[in-house]
Amino acid sequence: MFVLGGSGSTLGFINSFRTESGAITARLVPLAWTPVGVVIGESWQNVGIALTNLLDWVDRTFAPEDERAFVAPMRDIELLARVQWHADLPETLSDGAVLNIEDVPEEIADGLAHPPGPIVQCAACRRLCVRDEFVWKEKQLCAWDFHAQVFGKRGPWRDGAYEERLFETLPSCAYVAPPILSEMGVDVVLATGEISDAVAQEMINLLLSSDPGRAHMAVRSGGGFSVLRER
């Protein structure tokens, strides 16, 4: 595929400049910019474009007002259109399938090196995010809004050890993002891997009991637990 351009929410590509009734088909793929990198959407939208209007369409769709927008060199688009370049449509998007990967920003190229994911809109800010990574009160949220709502001042902070029943109601997310937490005045003071819940809970309560008078929060994340502490 040949990447025509991209923006803060969309990647546009084409696999054929052969026209049908004077039009070609571009594909628009959603992009989710997350704290751990760009995730490419697993589905795309087809858009029919008159070949004579292609350059104008690229310029409008990936407008320079978007700070993350980029476009492929216009001379390359014109050359491929002139020779009616064509390739089979890939079953999945990947960096190896991109003809002009050197024109793609590094963050998006890194995203193309990983499997596509299901993309949804954050229920709070409408930012595109990955489905089920951050869910709070049955709402799909982006990492930033989840951190603000759950790990903010009104989150479920506590002073002292957790009763066993409270471990069943801990916040759960795909990961915690230290850069976001740092801006909120919150530190990660413990992170466990995939160990038994009994051992992890004992470690968490030992930590909380050793630091009375400080607000802490235990979180299920990344297959283990994280413990946060307010500064």
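1. Ground rules first. This is a predicted model, so local features need pLDDT of at least 70 and side-chain atom pairs count only at pLDDT 80 or more, while totals for chains, interfaces and linings use all residues. Residues are numbered from 1 along each chain as its sequence is written, and side-chain values use heavy atoms, with hydrogens and water left out.

2. Start with helix α1, residues 54-61. Helices here are DSSP runs of H or I with at least four residues, strands are runs of E with at least two, and both are numbered from the N terminus. L54, W57 and V58 of α1 are buried (buried means under 20% relative accessible area, exposed over 50%, partly exposed in between, with a 1.4 Å probe and protein chains only). Those residues cover an arc of only 100° around the axis, which puts them on the same side of α1; the arc is taken from the directions from the helix axis to the C-beta atoms. An α-helix has 3.6 residues a turn, so residues three or four places apart point the same way.

3. What do the buried residues of α1 pack against? The partners are β1 (2-6), β3 (23-34), β5 (45-50), β6 (70-71) and α2 (74-82), with contact meaning heavy atoms within 4.5 Å.

4. Next, the β3 hairpin. β3 and β4 (residues 37-40) pair antiparallel over four bridges, where pairing requires that DSSP finds at least two bridges between two strands. Two residues separate β3 and β4 in this hairpin, and W33 has V38 in β4 as its bridge partner.

5. There is also an open sheet of four strands, ordered β11-β13-β14-β12, with mixed pairing. β11 (172-173) and β12 (186-191) stand at the edges with a single partner strand each, so one side of each is left without a neighbour in the sheet. β11 runs parallel to β13 (residues 216-221), joined by two bridges, and C173 stands opposite S221 of β13.

6. A123 sits in the loop between β7 (119-121) and β8 (128-130). At 38% relative accessibility, A123 counts as partly exposed. Leaving aside neighbours within four places in sequence, A123 is in contact with K139, Q140 and L141.

7. Finally, helix α6 (residues 197-209) holds M203, which is partly exposed at 34% relative accessibility.
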